[in-house]
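User: Please take a close look at one helix packing in this model. Then place that packing in the rest of the chain.

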Amino acid sequence: MRQPYRRGYQVVPGMRGIVGSAHRTRLWITVSVGLFDHLSIPAAVLAATWLWLWSLPVGIAAGLLAAGFVGQQLRALECLVHEACHFNWSRHHRKVNDWLAAVLAGWPTGLGIGNYRSAHLLHHRRLGTAEDPDRQRYEELDIESLDRTSVVAFAKGMLPRLVAYQRGWLRATAAQLVTLGALGLWVLWVVVAPAILLWPGTPAVAVSAAVWLLGYLFALPIIRFIGESSEHSYADADTVFDATITNLGRIQRWVIHPHSDGYHTVHHLWPGTPHHGLRQLHLALSDADPAGYASRLRVRTRIVSRPSPNRLPVHG
């Protein structure tokens, strides 16, 4: 039986205190960003609906832009569900951690905190083995053979994989009836009800629902797939450090890997570091250990680039 990948990195002397401090959770920060992400979704949907009612051509363009924004914000909320599964909202108040994460991030995305935690912590504990759910998905979809030589080549390779990827995701979501019910109620109260109240007797409800569905069923899976396909490289590595990719490009940081999710190497080395501490820990390690951490770190600054040992500034 294949053993989990060994760690592959030893922190340099003098950094242990900094690493320990980086693990401190700050609930108010995570709740604040969660509230913003959460409320920005209905705001974007309702703004696009208003523009559609005012002018059809403008409304169509606004609706497509809003759907992309909805997908990006849902991805940000998924990253906060990921934070919750590591108890990075609140380390010492775990019921508060799970309850707030469920309301602010789990319900809008259709993710159950407990189910997500079970699968994701298995990924951490058994990284690189046959039980690693991420490795299973990589092998099933042959993700590591994706052609990243150009945007067109990457898109051509992604699209057929995306169909199977989204089919599996929807199948798993449909099996979680409680979570699915919470998602339906969230859409009803946060997206549909405001449209009814603001524009009764108009097609506003249909427009609002369509914008949200485009974001949830099309924009979000594309963003998520790009993100998840960029986090690991199993075939050419046998340690956690070398098999994990740090994504530092602007699009990656703001769209694909929000809330510092792109600092994935640091996350796998110290998964108890909350999102608001990952970048600073990455920078501290880069400064303290340029020959060990910074030069060995596998970095991708563009979606279509292959990961390689860092040869670029790491202060992303």
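**A helix pair and its surroundings**

Helix α3 (residues 56-85) packs against helix α5 (residues 113-125) at an angle of about 75°, and their axes are 9 Å apart. That angle makes α3 roughly perpendicular to α5. This is a predicted model.

Which residues make the contact? From α3 come V81, H82, A84 and C85. From α5 come I113, Y116, R117, H120 and L121. By class, the contact of α3 with α5 holds six nonpolar, two polar and one charged residues. An α-helix has 3.6 residues a turn, so residues three or four places apart point the same way.

Helix α6 itself runs over residues 133-141. Its buried residues are P133, D134, R135, Y138 and L141.

Both ends of α6 can be described. After α6 comes D142, and the phi of D142 is positive, near 50°.

R224 lies in α9. Buried or exposed? R224 counts as buried, because its relative accessibility is 1%. Leaving aside neighbours within four places in sequence, R224 is in contact with R75, E78, Y165, Q166 and W169. Of these partners, R75 and E78 fall within α3.

T239 counts as buried because its relative accessibility is 2%. What does T239 touch? Leaving aside neighbours within four places in sequence, T239 is in contact with Y5, R6, R7 and G8. The C-alpha atoms of T239 and Y9 are 8.5 Å apart in space, while the two residues are 230 apart in sequence.

Helix α4 (residues 94-109) and helix α8 (residues 177-198) have axes that come within 7 Å and cross at roughly 95°. That makes α4 roughly perpendicular to α8. W107, P108 and T109 of α4 meet A182, L183 and W186 of α8. By class, this contact of α4 with α8 has five nonpolar, one polar and no charged residues.

Last, the whole chain. The protein chain has 14 helices and three strands. Of its 316 residues, 55% count as buried. Take contacts between residues at least 6 apart in sequence: 74% of them join residues at least 24 apart. The C-alpha trace spans about 65 × 45 × 40 Å along its principal axes. How does the radius of gyration fit a compact globule? A compact globule of 316 residues would have a radius of gyration near 20 Å, and the protein chain has 20 Å, so the two agree.

Note on methods:
Residues numbered from 1 in each chain as written. Predicted model: local features only at pLDDT ≥ 70, side-chain atom pairs only at ≥ 80, totals over all residues. Heavy atoms only, no water. Axes fitted to C-alpha atoms, helices over the stretch in contact; angles between N-to-C directions. Helix = DSSP H or I, 4+ residues; strand = E, 2+ residues; numbered from the N terminus. Parallel < 35°, antiparallel > 145°, perpendicular 65-115°, else oblique. Contact = heavy atoms within 4.5 Å. Nonpolar A, V, L, I, M, F, W, Y, C, P; charged D, E, K, R; others polar. Buried < 20%, exposed > 50% of the residue type's maximum accessible area, 1.4 Å probe, protein only. Rg over C-alpha atoms; globule rule 2.2 N^0.38 Å.
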